[in-house]
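Morning, everyone. Please have a look at the model on the screen, and I'll talk you through it.

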Amino acid sequence: MSAFEDLEILLVEDNEGDIRLTIEAFKEAKIRNHIRVVRDGEEALAYLKKEAAYADVQTPDIILLDINLPKVDGKEVLHELKNDPILKSIPVIMLTTSSAESDVQESYLNHANSYVIKPVDLDKFMEVIRSIEEYWISIVKLPSR
């Protein structure tokens, strides 16, 4: 993937404030991107498996995944994603408020690519999102679609 291609980002988040902040931080990025938002784990799995209303969506290049989600939690979404032969190569960044060591361990055991704790402070949250953008979009070479 070259820096000139549009990047597809799937944000799996149920908190409206965090959704708005994340989208705003990515808008400031110099790389063109499309952020798609799903608000629970069940919807995330349907999106990733291109079921029903999501039959024609583009497979994301990166997934930002919260742990504490309604219906199906983020750990289960990660587990299913990383056990799917087609989807397992998509980088998944766990972006969550949980600092529980068990959540960190379980996420990495299920092959999360990063585990980032969301700061409560607005400026620090924006800084974290910019850091994710800088590293995962500007520095890392992502797999081809």
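**Fold, rings and one lysine**

Let me start with contacts. Take those in the chain with a separation of 6 or more: 67% of them join residues 24 or more positions apart. One caution before I go on. This is a predicted model.

Now the layout. The chain has five helices and five strands. Read from the N terminus, the order is β-α-β-α-β-α-β-α-β-α.

Of the 145 residues, 48% are buried. The accessible surface is about 7700 Å², and carbon and sulfur atoms hold 51% of that. As for charge, I have 17 positive and 28 negative side chains. The centres of those two sets lie 4 Å apart.

Now the rings. How many aromatic pairs does a search of the whole structure find? Two. One of them joins tyrosine 47 and tyrosine 54. Their centres are 5.2 Å apart, with 55° between the planes, and the pair is tilted. Tyrosine 47 has a relative accessible area of 5%, so this residue is buried, the cut-off being under 20%.

The other pair is tyrosine 135 with tryptophan 136. Here the centres are 5.3 Å apart. Why is this pair called edge-to-face? Because the planes stand at 90°, and anything over 60 counts as edge-to-face. Are the two partners buried or exposed? Tyrosine 135 is partly exposed, at 43% relative accessibility. Tryptophan 136 is buried, with a relative accessible area of 10%.

Last stop, lysine 82. Where is it? Lysine 82 is in helix α3, which covers residues 74-82. This lysine is buried, at 10% relative accessible area. What does lysine 82 touch, leaving aside neighbours within four places in sequence? The contacts are Lys88, Ile90, Pro91, Val92, Asn110, His111 and Asn113. And for a distance to check on the screen, take leucine 142. Lysine 82 and leucine 142 are 60 residues apart along the chain, and their C-alpha atoms are separated by 16 Å.

To recap: a β-α-β-α-β-α-β-α-β-α order, two aromatic pairs, and a buried lysine 82. That's my tour. Over to you.

Notes: Residues are numbered from 1 along each chain as its sequence is written. This is a predicted model: local features need pLDDT of at least 70, side-chain atom pairs count only at pLDDT 80 or more; totals for chains, interfaces and linings use all residues. Side-chain values use heavy atoms; hydrogens and water are left out. Rings of Phe, Tyr and Trp (its six-membered ring) pair if their centres lie within 6.5 Å; planes under 30 degrees apart count as stacked, over 60 as edge-to-face and the rest as tilted. Buried means under 20% relative accessible area, exposed over 50%, partly exposed in between (1.4 Å probe, protein chains only). Helices (H or I, at least four residues) and strands (E, at least two) are DSSP runs, numbered from the N terminus. Contact means heavy atoms within 4.5 Å. Accessible areas come from the Shrake-Rupley method with a 1.4 Å probe; for residues, only the protein chains shown count as cover. Lys and Arg count as positive and Asp and Glu as negative; His and the chain ends are not counted. The place of a charge is taken as NZ of Lys, CZ of Arg, CG of Asp or CD of Glu.
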